[in-house]
Amino acid sequence: SALIVGTYGVGNAPTDLKLMQAFERAANKGVMLVNHTQCPHGTVNMQTYAVGNELMNIGFVNAFDMTFEAVIAKLYYLFSCDLSSEEIKKQFQENLR
């Protein structure tokens with residue numbers, strides 16, 4: 001399963017301890033966490049701000065400049081390929097063409 005989080009700007013999120021703990025619990029249960037920007041233009045760069053770094057450390061994968069629809073389609077495709085969760089995370093961040 002996956003959780004797509006619509007973050008601010010380059011991948012920033014609220015600095016809320018309970019929210020971060022919820023993300024950590026989800027990651028520990030094997031949920032794939034995706035950092036997707038709400039901005040119509042631009043890309044996710046989790047290394048820009050402290051909270052983005054925290055999301056990266058929790059295990060979020062980067063949706064870069066993908067649209068929400070592209071994220072959904074790519075996840076559907078990868079989950080249908082019978083891959084390990086680590087391989088899905090790796091391939092999610094690569095161009096599949």
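Helices (at least four residues) and strands (at least two) are DSSP runs, numbered from the N terminus. In that numbering, strand S1 covers residues 2-7, and Thr7 is found in it. The model discussed here is a predicted one. The chain holds four helices and three strands, and from the N terminus on its elements follow the order β-α-β-α-β-α-α.

**Overall form**

- The radius of gyration of the chain is 13 Å, close to the 13 Å given by the globule rule for 97 residues, so the chain is as compact as a globular protein of that length.
- The C-alpha trace spans about 35 × 30 × 20 Å along the principal axes of the chain.
- Of the 97 residues of the chain, 33% count as buried.
- Among the contacts in the chain with a separation of 6 or more, 68% are accounted for by residues 24 or more positions apart.

**Helices H1 and H2**

- Two packed helices are described by the angle between their axes and by the distance between those axes.
- For helix H1 (residues 17-28) and helix H2 (residues 50-58), the axes come within 10 Å and cross at roughly 20°.
- Angles under 35 degrees count as roughly parallel, and H1 and H2 are therefore roughly parallel to each other.
- The crossing in which H1 passes H2 is right-handed.

**Helices H3 and H4**

- Helix H3 (residues 68-79) packs with helix H4 (residues 85-92) at an angle of about 145°, and their axes are 10 Å apart.
- H3 passes H4 in a right-handed crossing.
- H3 contributes Val71, Lys74, Leu75, Leu78 and Phe79 to the contact, and H4 contributes Ile88, Gln91 and Phe92.
- The residues of the contact of H3 with H4 divide into six nonpolar, one polar and one charged.

**Two buried strand residues**

- Thr7, in strand S1, has a relative accessible area of 2% and is buried, the cut-off for this class being under 20%.
- Neighbours within four places in sequence aside, Thr7 is in contact with Asn12, Ala13, Asn35, His36, Thr37, Gln38 and Leu55.
- Met32 lies in strand S2 (residues 32-37) and counts as buried at 4% relative accessibility.
- With neighbours within four places in sequence again left aside, Met32 is in contact with Ser1, Ala2, Leu3, Val61, Leu75, Phe79, Ile88, Lys89 and Phe92. Among these partners, Leu75 and Phe79 of H3 and Ile88 and Phe92 of H4 also take part in the contact between those helices.
- Met32 and Ser1 are 31 residues apart along the chain, and their C-alpha atoms are separated by 6.2 Å.

**An exposed loop residue**

- Asp82 is found in the loop between H3 and H4.
- With 74% relative accessibility, Asp82 counts as exposed, a class that requires over 50%.
- The C-alpha atoms of Asp82 and Lys18 are separated by 33 Å, and the two residues are 64 residues apart along the chain.

Technical notes:
Residues numbered from 1 in each chain as written. Predicted model: local features only at pLDDT ≥ 70, side-chain atom pairs only at ≥ 80, totals over all residues. Heavy atoms only, no water. Axes fitted to C-alpha atoms, helices over the stretch in contact; angles between N-to-C directions. Parallel < 35°, antiparallel > 145°, perpendicular 65-115°, else oblique. Left-handed = near helix turned anticlockwise from the far one by under 90°. Buried < 20%, exposed > 50% of the residue type's maximum accessible area, 1.4 Å probe, protein only. Contact = heavy atoms within 4.5 Å. Rg over C-alpha atoms; globule rule 2.2 N^0.38 Å. Nonpolar A, V, L, I, M, F, W, Y, C, P; charged D, E, K, R; others polar.
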